[in-house]
Amino acid sequence: MRAYYFDNVPGDQRLPHDYVPSRPVAPHVLKALNVLSWTIPVEGYEDSVNAIAKERGYKNRDTIDVSKEGMGEIYESKIKGFFEEHMHEDEEIRYILSGSGFFDVRETPTDAWIRLAVEPGDLIVLPAGIYHRFTLDEANRIKALRLFQDEPKWIPHNRSSDTDVNPHRIGYLKEIGV
Ligand code: KMT
Ligand code: NI
């Protein structure tokens with residue numbers, strides 16, 4: 001997984017939006033935001049992913065196919081929703097099986113976007129309360145395993161003055177010491 005600062009240039013969200021020259025984000029910066037990542041080769045990934053799932057209490061999982069073919073008529077609205085800046089009250093855990101895409105996470109306190117370019121074998125954990133969004137890249141497809149601590153639920157809370165005072169948001173800021 002490559003991590004770099006998003007260039008904020010208006011235009012197609014599926015483009016890399018990498019500064020020239022690129023502004024890479026060091027692993028310790030992601031660590032300070034409580035963003036976790038592993039690389040686990042897709043061939044024979046099960047044991048390693050199962051071990052992490054067991055250790056972290058991820059009891060449920062499903063797969064998601066984000067592509068026109070995979071989503072049908074809800075594709076356009078889903079793509080739009082994924083890219084709205086939001087938070088969840090649970091961790092967002094994704095293991096990329098095929099394809100690629102970008103998860104953008106907000107750095108705090110700068111509010112800069114950090115772009116995580118994910119590809120097959122990347123396992124990422126976005127902590128509860130972090131502001132983030134997702135987009136496909138120009139290849140237009142990704143398949144991922146979604147892991148959940150409890151029931152497969154996925155409630156996005158779009159960023160607003162309400163989410164700024166959400167207990168999970170406050171808890172996240174406390175955890176990262178901001
Ligand atoms: C999400 O929650 O934003 C998604 O599931 C996006 C697709 S998973 C690669
Ligand atoms: Ni999300």
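Two strands pair if DSSP finds at least two bridges between them. The model shown in these close-ups is a predicted one.

**View 1. Strand E5 and its partners.** E5 and E10 run antiparallel, with six bridges joining them. Within that pairing, Arg 94 sits opposite Arg 146 of E10. E5 also runs antiparallel to E8, this time through four bridges, and here Glu 92 has Leu 126 of E8 as its bridge partner. E5 is mostly covered, with six of its eight residues buried.

**View 2. The largest nonpolar core.** This core holds 28 residues, and those with the most contacts inside it are Phe 103, Val 105, Leu 116, Ile 124, Leu 126 and Ile 130. In soluble globular proteins, nonpolar side chains tend to be buried together.

**View 3. Zooming in on Phe 103.** Leaving aside residues up to four places away in sequence, Phe 103 touches Leu 116, Val 118, Ile 124, Leu 126, His 132 and Phe 134.

**View 4. The shell around ligand 1.** Ligand 1 is surrounded by Ile 64, Val 66, Phe 82, Glu 92, Arg 94, Gly 101, Phe 134, Ile 142, Ala 144 and Trp 154. Strands E3 (60-66), E5 and E10 each give two or more residues to this shell. By type, the shell splits into seven nonpolar, one polar and two charged residues.

**View 5. Helix H2 and the residue after it.** H2 spans residues 46-56 and is hardly covered, with one buried residue among its 11. Just past H2, Gly 57 takes a positive phi of about 75°.

Conventions
Residues numbered from 1 in each chain as written. Chains lettered and ligands numbered in written order. Predicted model: local features only at pLDDT ≥ 70, side-chain atom pairs only at ≥ 80, totals over all residues. Core = buried A, V, L, I, M, F, W, Y, C linked by C-beta atoms within 7 Å. Buried ≥ 20, exposed ≤ 12 C-beta atoms within 10 Å, placed from the backbone. Contact = placed C-beta atoms within 7 Å. Near = placed C-beta within 6 Å. Nonpolar A, V, L, I, M, F, W, Y, C, P; charged D, E, K, R; others polar.
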